Amino acid sequence: MQNLFLSDPAPSGLELRKANAALRRALSSRRPLTSPVKRYVSRLADASEHLEAQLAISEKTTKDCQTVFDARRRQKSGKRLVIKDKIVVTTKEIREGVRAAEEETAAKKKKGKGKGKASDPIVVEDAAGSALSEDDIV
């Protein structure tokens, strides 16, 4: 019990169980608590606060990750949004909405291709200072 929290802040389950059993015996004996028992209670309280803080951080991290995951899973546009919460997808309005969403997606894909930079025409001046085009240069 005396050296339980000195070297490692997280003792093994067996060691902790033995120390807690000794603490219960000391408390049930109705005698004044010895110094090692008082130190153990203080260290146990500190370890409990430390674990509570770790749990709070882990829960917040889990909540943040779940929020990001849910946002990625939710579809913001496209045909999935058009047919969301619809039982029958064969109506004219839904079909037109799906077709419009597919066209929009195709347009975005076309727009994304060919992003290469267009080259500017090369202008070269001869010794007299007149400009020559690419066709004039041999």
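**Burial and core in a predicted model**

Author: The protein has 4 helices and 2 strands, where helices (H or I, at least four residues) and strands (E, at least two) are DSSP runs numbered from the N terminus. This is a predicted model, in which local features need pLDDT of at least 70, side-chain atom pairs count only at pLDDT 80 or more, and totals for chains, interfaces and linings use all residues. Residues are numbered from 1 along each chain as its sequence is written, and side-chain values use heavy atoms, with hydrogens and water left out.

Reader: Why is Asn20 called buried?

Author: Buried means under 20% relative accessible area, exposed over 50%, and partly exposed in between (1.4 Å probe, protein chains only). Asn20 has 18% relative accessibility, and therefore counts as buried. Asn20 belongs to helix 1.

Reader: Which residues is Asn20 in contact with, leaving aside its neighbours within four places in sequence?

Author: With those neighbours set aside, Asn20 is in contact with Tyr40 and Leu44; contact means heavy atoms within 4.5 Å.

Reader: What makes a set of residues a nonpolar core, and which residues form the largest nonpolar core here?

Author: A nonpolar core is a set of buried Ala, Val, Leu, Ile, Met, Phe, Trp, Tyr and Cys residues joined through side-chain atoms within 4.5 Å. The largest nonpolar core has 5 residues, namely Ala19, Leu23, Ala26, Val37 and Tyr40. Helix 1 (13-28) and helix 2 (35-73) are the elements that give two or more residues to this core. Helix 1 supplies the largest share, 3 residues.

Reader: What percentage of the protein's residues count as buried?

Author: Of its 138 residues, 11% count as buried.
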